[in-house]
Amino acid sequence: MTPQEKRKELLSATLVKNLEKRHFEAYYCPTAAEAIEKAGLDIVCSALSKDSVPVHSFAPQKPFVLFIGGEKRGISAEFMEKAAKVVHIPYAREGVRYSLPAASVCAIYAFKLYGYACTKDGKEQ
């Protein structure tokens, strides 16, 4: 086995061990939001609100779970209240009050956040 293969195997085993530990600890939380927080993850919600920041200004500082609500009901109050950050996709015109389809929102966030998954601390390497 090459050194690169050994490193990859060790990283995989460590990741699985950490995820199993987080899952076990999260199992004993009364709400999903508390389980996410207990696992050491931030809650980030995609919604237009008075406290939200545009997605192009969002720079995650730690691992997070992104909640994207449906077009009609949005995101549950539990997650909105516990959100570390609320981000939105700005529209070209001010005062627009309709929502994008959830699939489109997912695609926009995937494109925006892909760079953070491929770089260290959101900075180019």
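Q: If two strands pair only when DSSP finds at least two bridges between them, how many bridges join β1 to β3?
A: Strands here are DSSP runs (E, at least two residues), numbered from the N terminus. In this structure 5 bridges join β1 to β3, and the two strands run parallel. This is a predicted model, in which local features need pLDDT of at least 70, side-chain atom pairs count only at pLDDT 80 or more, and totals for chains, interfaces and linings use all residues. Residues are numbered from 1 along each chain as its sequence is written, and side-chain values use heavy atoms, with hydrogens and water left out.

Q: In what order do the 4 strands form the open sheet?
A: The order is β2-β4-β1-β3, with parallel pairing. At the edges stand β2 (53-54) and β3 (64-68), each of which has a single partner strand, so one side of each is left without a neighbour in the sheet.

Q: How many bridges pair β4 with β1, and how many pair β4 with β2?
A: β1 and β4 pair in the parallel sense over 3 bridges, while β2 and β4, also parallel, pair over 2 bridges.

Q: Which residue in β4 stands opposite S46, and which residue in β3 is the bridge partner of S46?
A: Opposite S46 stands V87 in β4, and in β3 the bridge partner of S46 is I68. V87 in β4 also has V53 standing opposite.

Q: Is strand β1 mostly covered or uncovered?
A: In a regular strand the side chains alternate between the two faces of the sheet. β1 (residues 42-46) is mostly covered, since 4 of its 5 residues are buried, that is, under 20% relative accessible area with a 1.4 Å probe and protein chains only.

Notes:
Two strands pair if DSSP finds at least two bridges between them. Buried means under 20% relative accessible area, exposed over 50%, partly exposed in between (1.4 Å probe, protein chains only).
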